[in-house]
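Open the model and keep the chain view at hand.

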Amino acid sequence: MDFCYHRQCTSICRKRYLQSMIITLLILMSFIQVYAQDTGTIRGYVTDGRTGEPLAGANILVSATNQHSTTDATGLYTLAGIKPGKHILRISYIGYKKHEAQVKIHSLDSISGQVIDNETAEPLPDILVKIKGSTMTTRTTLDGRYLIDAVPPGTYTLQVVREGYRPLESGVSVGINELSFKLYEDVIRAEEIVVTGLATRNKKAQSEVAISRLNAGESLAANNVGTTAQLLNGKISGVQMRRVSGNVGSGYRFHMRAGGGINGDGQPLIYLDGVRMDNSEVPGFETGGQGLNLLADLNPEDIENIEVLKGAAAASSYGANGANGVLLITTKPRRYARAGSNKIRLDYKFLAGLNTKTSAYDEAQLLSAADANALFRTGQIMQHSLSASGESDFVRYFTALSSRIEEGILNSNRMNRKNIRANLDVLSGQKISFRMNSSYTINTLERPLNDNAVFGNLFNTTAAPASYSVVQGERSTIENINDENDGNRFLGSFSAHFRPVDFFAGNIVVGVDDNDIRHEQVYPASATYTDSIFANGIRNLSNRNNRQFTAHINGRLTSYSAEALSLSLVAGVELLDRRETLSTPQSSNIVTPLIRSGQVSDQHSGLNEIRLHSRQAGVFAEGNLAYRRRYSVSLKVRRDYASEIGRDSDSVFYPGLSMAWRLNEYAWLPRVFSLLKFRGAYGEAGNLPNRLDKFRIIYGSQFGANAEGSLPTAIGNTRIEPERVKELEVGVDTELFHNLAVEMSWYRQKSEDSILNVQNAPSTGLTSSAAPANVGSMKAWGFETLIFARPWHSQNLNASFTLINNWQTNEVISIGNAEPLFDRFGLNVITEGLPKHEFFSTPVLGARFNDNGTYAGPITGAKRVAFGNPIPGYTGSLSLHMKIKKNLTIYLLADWATARKMWNGGKSVSLPAGNNPEYNMLATQLGLAGSSQFEGIAANVKSVDGVGELTPGTIQYIAAARAFARLDPRFDANFIEDADFLKLRQVAVSYNLKNLFSRLFPAHSPRLDVAVTLSAMNLFTTSNYSGPDPEVNWSGTRGLERGQDFFTLQNPRTFNLAFRISL
Amino acid sequence: MKTQLLLCLTTLLAGFLLACSNFVNDVDAPLDINDDESLNDESRVELLITGVQHRFATTYARTVLLADALSDGLVFEQSLPAATSQSFKQIDAGKIRLDNSDITQLFRALGELRFLADDLLVRADHIQFSDSTLSQRVLFTGNFYGGIARYFYATYTGISENEGGGVINNGPFIPAGMLYNQAIEKFVTASENTTDEYEQRLTNSIIARTYLYNGESARAALFAGDGLQINDPPFQAFYSQDASNSYWSEAGRGNTQFVAHPRFRNFIKEEPLEAQRLTLEPVDVDSMYWRQNQYPAFDSEIDFISWQEIELILAETDLNDNNSAGAIGHVNGVRAFYGLSSLMQLDVQTLLVEREKTLFLQGIRLVDQRRFNLFHLPVGTWQYLPIPEEERIGNPNFN
């Protein structure tokens, strides 16, 4: 008679050596459970193997220990206090055959070890160590050690993950006492998760498009920057950024790759924590050309990282807004308090700095140089930033408060910015999680008049030898012109992430950007202006509100048909609702600066109001197929709807296709390649029309002799569509020896349906303006490289450098039946056969002479010719980052641009006014000083003492005449100059005082971090441009004008000293 | 479950696709900016009518200024410091480039006048009027000014030096005769849509002028007989600071680039009473040049048609019918209004002098010069304001 029994044991683990057991017996069917601390319990049933009847009174004996038990009426037995190990159970019952069974009680164990840097052998703290496929994780301590408790017996894969290092996996069996890891630094951050589309993320190592990511925290730790743009400048391949004026608060002109089409203004689409930011340049009253830069509202200290999608190939999922690329800004915190800390981290930063001029005017070139130089001052900078971050099991938070006061290098330039931010993550990492971000900014900005302004500071000191002539020589009149912007801005978002099942995840993001700007410009009363409209002062007021709401919903399905093959599908919708209002009342002849309202003014002129409401909706989907991490291919589609698109046009469709091939996943590739990836992508994106383009005709009101009537003021196009930019990008990313990384990308763009204004035939009657039409096309191409090398990496010295080199060019293929498009000064052009923004002007070829040998004027070309482009063909940067003895950090950044031109408009004005010594001398030598000849170009020139008139016909006279012709101010081409430059952009030395403080305050040493940073910006410039600064542009960051210096303020040299303490 | 989720997502996306178009078009209208469709409303009609009248006024002033510049009425006097416009210089000499900026601007204005008038009639079809009087006013205005626009094309513009005509809405070239017929048709319709007796006499007057210029003297006489009556007020164009009288701004006190031909000064010298209908003044105190002072201010109105012109039209048609007595009676009636003595005899040459004096600076002289082969410039010069290059290139149907 044979009886077959099965016994089971489950365990409930409570302490370190909790035990469990599984036993199998071939006697009676039984059930065994274990409850124990350091020992286990065997519990089970003994039943008749044939009938299943319980056997009461059966005897169970543990052979080695003689512990025994007897079954009760239900057949249950319990053996408590059994130590881990193998045991033999002997079961006996009268009338039944005795049986023996082997039982094993397993012990729970731990896995421990250390994580160190492969090259420096330094222990690496705060590193995530997890058992793959489980929820068991831990972080390394300050000495790099980790310990995972209560691991059931078995063999596992341990994963070690740290940002900035290559993740490592290793198999381990429980019971092995020590498993240590040596991590390789992730030189190009290839393992970071980056955004690859509107709703897709991927490791950079697997990304199919060129994506750049800037870790703001690291940058800020090594350097002091005052603006978001300074964080990016020179650090992203393919992206040029030029600060267009030295005013504090002035804007940056972006140039992404080759410009993003004819309609692209270079400004990328910007998202802050998933919310579309208003990145407009608010013109207000311009202060002569410079609009207000809304990016200046952001506090760079709040930023965690910035990701950049540079062209249509990467940004196709952003559709009609993506042609100029996309900037994705994420605010803190992505990481929180360090392990071992008290989980609340306080950071305080104090910064003091100075702004000074970079270039002084020289009397050898400008007679009024002393007056111009007297304008400048040393502006002071003062900043306080305080933040607190922390976490509990369910909540993470980051709050920050900052105040920055910065004075510019001119008296009437000052910024006072206050930022407050509160970010909150709830249930992060759970099946459902939420995040709330909110920030509020109060920004007051006083700016001086300059650029194309008669009452500008530089115009009044550099245009003519007698300064301030438009205000009767009173410098104070110019200085007392008050231009002030008061901005209030709320930026907030709420996002929810839910993952109800493994293969599906959903995201919802809603947010708002609401900003108000009040711009006031007052020309004081009781001042003498040559222009009579200012006789008693004037007050201009502009109030602008922009409120935009973003909503974004998407869902992702992931499927694994096999272990090596994965498929994911993402689909979603993005909505934008934007309302912008602008009102500009104006009062003239205010009689007292004390009461400037219209009540005491003689005249109100103009109450212009604009209110525009627009909406966009994009539906998108993306599928990704990947095989063995070697190959991946993605297909993206997006259909865009927008209020800006003509009502007779369809919605717009944007496709994208990208793929990657990772050779380093093959065994045959030498191990020196830790990454070798080829990628290719094609994508299409757009530039939306202006918001009023879609109307057939816009009527304004006009007062005639008797009454108000409606007349057309602008002609539109009901079929208008976005410009379409197509981009093909191929590239290779590689990393060798874990110390050298190279990223290369080549791209080619083709813009179609570019919007240009076409004048209708007069007989149509639709001629009050040229009508927008999709008639233009352009091609562009370029190559960009980034080389990162880390030749030294040890405990005492860690040095790396990054070299970026970009080349780009473009050509306008067609402008259809539109006229060539010129900027306001008639210099930069968009016309067929030339690059966009090309300087296009009438050349001066030499000098003409009368029969008697006297100068008869310049020889000019018959038509305009190209003079080069203000957008450099070649740009690059070199940065060096050194860390010595862990405490001292040195950072250097130099950048350059070549193959570019600038127009020195200020010089062209100063010449006929007699403010240029060379011109004055030539006019004197030619006998033209004070003459009304040649439209009076030397009428205001005074003869130079000691310089005699030359004899016509002589070699000297002819040479002087030729030189004079080439300075003829009537021809703009004479002032288009080479403007290559090299700038030592940033220099910073930072010293971490942590060790010192640890010695002084040993009780607090684990969490105290103190650093001092001394930095300088624009320390050195060399350029062949004759003006003070080769980067400026008088008309701000938008518009067709590029590379035009027209009494524009030079960028300052800035010194900062910062002290940072963290607890 | 995956399939169900996929279906849900697909359904949601399809829903979004259908709703997106409505979402983006459901936006508030821009403030202070009226798009074309928003004006299709009875309450906006007055604005549109006034708009047409404004455009007529500015177009008329510019047209007759340039017509007088091309005629022997005004002279572009280069010695004057303000006479800097090369464009005016070309017109005065009849050697007009097709890219002449003033001609181009004039054509834009003329095209817009034609469009606004015609567009008013199109809108009338879309608006449900509760006020029938307003509806009639729309029909009158659209037809009246649409007729005037066609009359302007026929009278003043041309495809070549000696061939008048114009273009409408990207169409082919239309000879002057056809345009006159279109204009008359419009005027007749306008007349049918007004019960105002003055407006009916006014339209008859313009029809009379149009027939006269089109060489149909008998019909001109017929309509002139039912035209403006003696002491009827003239039909005028009005101006303002924003839309000033072009004679004032280019040939008067505003700015003087054109002066009156010296013969007008001589008319006054010979008969001081002529100053009642020819108002001139020296450009400055010691100047040898005399400019018009018919329009002394930026808002001086310009007669478009007057009873005096109707009387002169009747005189001309009488002369054509060999009715000298009748003709003299009409002319003397006009002269008497200005306090001038009566004429005893009248021939065509005398009538033309009476016309250029009476209708001084109303764009009449150029037409009379052409009609009576009195053009003062050499052969090969423009006798019309040329259809500009912008039309010739931009209009795909131009031939």
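Two strands pair if DSSP finds at least two bridges between them. Helices (H or I, at least four residues) and strands (E, at least two) are DSSP runs, numbered from the N terminus. This is a predicted model, in which local features need pLDDT of at least 70 and side-chain atom pairs count only at pLDDT 80 or more, while totals for chains, interfaces and linings use all residues. Residues are numbered from 1 along each chain as its sequence is written, chains are lettered from A and ligands numbered from 1 in the order in which they are written, and side-chain values use heavy atoms, with hydrogens and water left out.

Start with β53(A), residues 874-884, and β54(A), residues 888-898. They run antiparallel and share 11 bridges. A:His881 faces A:Tyr891 of β54(A) across the pair. The hairpin between β53(A) and β54(A) has 3 residues between the strands. There A:Lys885 has a positive phi near 55°. β54(A) also pairs with β57(A), residues 981-992, again in the antiparallel sense, over 10 bridges. In that pairing A:Ala894 is opposite A:Leu984 of β57(A).

Next, follow another run of pairings in chain A. Strands β32(A), residues 432-446, and β33(A), residues 482-501, are antiparallel and joined by 15 bridges. A:Asn437 sits opposite A:Ser493 of β33(A). β33(A) then pairs with β34(A), residues 504-523, antiparallel over 18 bridges. Here A:Gly492 is opposite A:Val512 of β34(A). A hairpin of 2 residues links β33(A) to β34(A).

Strands of a sheet pair through backbone hydrogen bonds, either parallel or antiparallel. One has 3 strands in the order β13-β10-β16, with mixed pairing. Its edges are β13(A), residues 145-151, and β16(A), residues 181-183; each has a single partner strand, so one side of each lacks a neighbour in the sheet. Neighbouring strands in this sheet are turned by 25° against each other on average, direction ignored. Within it, β10(A), residues 109-117, pairs with β16(A) in the parallel sense over 3 bridges. A:Asp117 lies opposite A:Leu183 of β16(A).

The other open sheet has 4 strands, ordered β47-β48-β49-β52, and its pairing is antiparallel. β47(A), residues 821-822, and β52(A), residues 865-866, stand at the edges with a single partner strand each, so one side of each has no neighbour in the sheet. β47(A) and β48(A), residues 828-830, are antiparallel over 2 bridges. A:Leu821 is opposite A:Ile830 of β48(A).

Now turn to chain B. Where do helix α2(B), residues 45-70, and helix α3(B), residues 86-93, stand relative to each other? Their axes come within 6 Å and cross at roughly 55°. That makes α2(B) oblique to α3(B). Axes are lines fitted to C-alpha atoms, for helices over the stretch in contact, and angles run from 0 to 180 degrees between N-to-C directions. Angles under 35 degrees count as roughly parallel, over 145 as roughly antiparallel, 65 to 115 as roughly perpendicular and the rest as oblique. α2(B) contributes B:Arg62, B:Leu65, B:Leu66, B:Ala69 and B:Leu70 to the contact, and α3(B) contributes B:Phe88, B:Ile91 and B:Asp92 (contact means heavy atoms within 4.5 Å). By class, these residues are 6 nonpolar, no polar and 2 charged. Ala, Val, Leu, Ile, Met, Phe, Trp, Tyr, Cys and Pro count as nonpolar, Asp, Glu, Lys and Arg as charged, and the others, Gly among them, as polar.

On a 1 Å grid over the protein atoms alone, a cavity is a set of points where a 1.4 Å probe fits but cannot get out; lining residues have an atom within 4 Å of a point. Grid points are joined across faces, edges and corners, and a volume is the space filled by probe spheres set on the points.

The largest cavity holds about 210 Å³ of space. Its lining has 22 residues, and those closest to its centre are A:Gly226, A:Thr227, A:Gln230, A:Arg243 and A:Glu406. α2(A) gives the largest share of this lining, 3 residues. The lining divides into 8 nonpolar, 10 polar and 4 charged residues.

The second largest cavity holds about 150 Å³. It is lined by 15 residues, with A:Arg242, A:Arg253, A:Pro870, A:Ile871 and A:Arg900 nearest its centre. β20(A), residues 239-243, and β21(A), residues 252-256, are the elements that give two or more residues to this lining.

Methods
On a 1 Å grid over the protein atoms alone, a cavity is a set of points where a 1.4 Å probe fits but cannot get out, and a pocket is an open set with protein on both sides within 12 Å along at least five of seven lines; lining residues have an atom within 4 Å of a point.
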